[in-house]
Every structure is written in structure tokens, then in C-alpha cells.
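Subject: Structure handover

Hi,

Please have a look at it first, and then read on.

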Amino acid sequence: MPSLWSDVKAETRTAAKDAARDLIDSGVSLTKTDIIISAFGPTLRVFAESHPVVDDEDNEVRPRRALEEAREAVTKVLVDEYLEAEGIDDLDDITEWYVLSWLVHSSSVIPYDEGRQLGLGIGVDIEEIKRSTKVWGRSSGDISLNGHRDRVQNINEKTEDRSSRLPVNPDDLSFPRSLDAVHAAMHVYDKRGETETIEWLRERNFDTDSQFKATLKALLQVLPHNHDDWELARDLAVGRTSEVLDLDFSPNVFAEDSDDTKQSELEDY
């Protein structure tokens with residue numbers, strides 16, 4: 001007798017989460033991608049034991065669906081384990097995909113299929129957003145995650161002289177995505193300095209915007225410390241602008257070796 005996907009789905013997610021948590025607690029040196037892949041085995045065992053599996057319309061469910069659920073479930077475990085920022089699930093889908101891509105891969109270049117699957121897990125078709133958002137670009141067939149320099153128009157240029165291919169206008173009073181707002185803030189800080197950035201933040205109410213703060217805090221934790229955007233995010237969080245943003249962090253977020261310390265528990269970079 002076929003098993004219902006609604007029942008199997010919950011079991012596969014539980015199996016994936018348990019496998020990921022066991023690996024993290026074991027202290028075995030694995031990358032976050034390895035942790036996701038390692039959870040596929042227990043997931044497929046659950047699926048195989050329930051075979052055949054059908055959805056509510058009696059259509060056969062393929063094993064790939066179970067692996068997609070496993071990837072999403074383990075990613076949530078990684079978020080809980082490695083991010084202090086609250087409200088990640090409340091961010092817009094594109095910002096969430098960007099943060100999770102950095103969290104899982106710790107690199108600006110990630111395999112295309114893995115980035116695509118990560119997007120599908122949270123409702124983002126990365127091909128649909130590529131041209132309009134410039135969040136990512138191609139790099140030898142892989143995905144290259146773009147920083148603020150690749151997305152924000154130059155505030156020091158006249159409007160008519162700015163590059164129309166860059167989607168983020170720092171003069172806007174509101175932004176469709178939290179990532180756009182944070183990238184614009186980085187740009188303003190870089191080009192105009194602290195005083196104007198403070199005014200810019202207050203004028204747009206980012207001093208009280210929980211999603212803006214959650215995004216900035218998340219990027220501080222997932223970006224490599226030698227990345228230009230990390231340095232600007234740090235300056236926003238600890239400079240005079242910190243009086244406006246009022247962010248709370250544990251001490252190790254800004255430590256020079258915090259990334260290495262954190263990653264060494266699981267990864268060999």
C-alpha cells in the first residue's frame with residue numbers, strides 16, 4: 001500500500017535534522033555542505049522504507065523531493081547552530097537565500113545546482129532574479145554572489161550619469177529587499193562617511209527596522225573577514241552608526257579569528 005507524502009515528508013525532515021545534529025555534536029571535521037550531503041543517507045532510508053510514496057492526488061513522489069526536504073531541514077539546523085541573528089525566517093526570500101548561500105558555502109563562488117536547490121527550498125528561482133536584482137552572476141558555470149559594489153549605483157554621480165544596470169539606488173527612501181537596504185547603507189558609509197550615513201539611516205527608519213538589523217547582523221556572521229562588505233558591515237555595527245542601530249553581539253563576532261575558530265570545529269578550509 002502506498003505511503004502518503006505528507007506523512008513521509010515529516011519523517012524525512014526529522015531524519016535529516018537528527019543526522020545533522022549528531023554530526024555537529026560529534027565534532028567531526030566536515031564542511032557545512034558535507035553535513036547536508038551526509039543527511040541524505042538517513043533521508044533516503046526513510047523514503048525507501050515507505051516506498052512507494054504518493055501525494056494527495058495519488059501521483060508518485062520521486063526520491064528527489066525527499067532530498068530537497070532534507071536540504072531545507074538541515075539548512076535550518078545550520079542557521080540555529082551558527083547564526084545569532086533572530087528573524088532570519090522573516091526576511092524576504094532573496095535576502096534569506098543570499099545569507100544562507102554564504103552560511104553553507106563560506107565562499108562567493110558556489111556550485112550552480114546547489115545554489116539553485118537552496119533557492120527552491122525557500123521559494124526562490126534564482127534564474128528569475130538574476131537580471132533584476134544582480135544578487136548573483138555567472139562564474140565559469142557556477143554562481144558568484146555579488147557584493148554591494150556590484151549592485152549599488154554611485155551616490156557621488158549625478159542620477160543621469162549612473163549605471164542603469166545596477167538595481168539599487170541609494171537615494172531611494174525604501175527598498176524591496178533587506179539586502180538592498182544593507183548594501184545601500186554600506187555604499188553610503190563608504191562614499192560619504194559616518195555622519196551622512198547616520199542621517200541616511202534615520203531618514204529611512206532603519207534605526208528601528210528589525211529586518212535591516214537582522215540582515216546586517218547575519219552578514220557579519222557569514223561573510224569572510226577579508227571581504228569588503230564584512231569590513232563595512234563591521235564599521236556600521238561598531239562605529240558612530242552603532243548608536244543608531246543598537247545591535248547586540250556576542251564578543252566572538254568581531255574577533256579576528258572568530259571565523260577560523262568557528263569553522264575549525266566542522267571544516268577544513
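Let's begin with the largest nonpolar core, which has 70 residues; Leu78, Trp97, Phe212 and Leu219 touch the most other members. By nonpolar core I mean a set of buried Ala, Val, Leu, Ile, Met, Phe, Trp, Tyr and Cys residues joined through side-chain atoms within 4.5 Å. Another core lies apart from it and has six residues, including Trp5, Val53, Val61 and Ala66. In soluble globular proteins, nonpolar side chains tend to be buried together.

Before you go further, please note that this is a predicted model: local features need pLDDT of at least 70, side-chain atom pairs count only at pLDDT 80 or more, and totals for chains, interfaces and linings use all residues. Residues are numbered from 1 along each chain as its sequence is written, and side-chain values use heavy atoms, with hydrogens and water left out.

Back to Leu78: leaving aside residues up to four places away in sequence, Leu78 touches Ile24, Lys32, Ile35, Ile36, Leu83, Leu103 and Val104. A contact here means heavy atoms within 4.5 Å.

Next, the helices. Helices (H or I, at least four residues) and strands (E, at least two) are DSSP runs, numbered from the N terminus. Helix H3 (residues 40-50) and helix H4 (residues 63-82) pack at an angle of about 135°, with their axes 9 Å apart. The axes are lines fitted to C-alpha atoms over the stretch in contact, and angles run from 0 to 180 degrees between N-to-C directions. H3 and H4 are therefore oblique to each other, since angles under 35 degrees count as roughly parallel, over 145 as roughly antiparallel, 65 to 115 as roughly perpendicular and the rest as oblique. On the H3 side the contact is made by Phe40, Thr43, Leu44 and Phe47, and on the H4 side by Pro63, Ala66, Leu67, Ala70 and Arg71.

Beyond four places in sequence, Ser101 touches Ser106, Ile110, Leu118 and Leu145.

Finally, a hairpin. Strands E4 (residues 136-139) and E5 (residues 142-145) run antiparallel and are joined by four bridges; strands pair if DSSP finds at least two bridges between them. Arg138 has Ile143 of E5 as its bridge partner. Two residues sit between the strands, and Ser140 takes a positive phi near 50°.

Enjoy exploring!

How values were computed
Buried means under 20% relative accessible area, exposed over 50%, partly exposed in between (1.4 Å probe, protein chains only).
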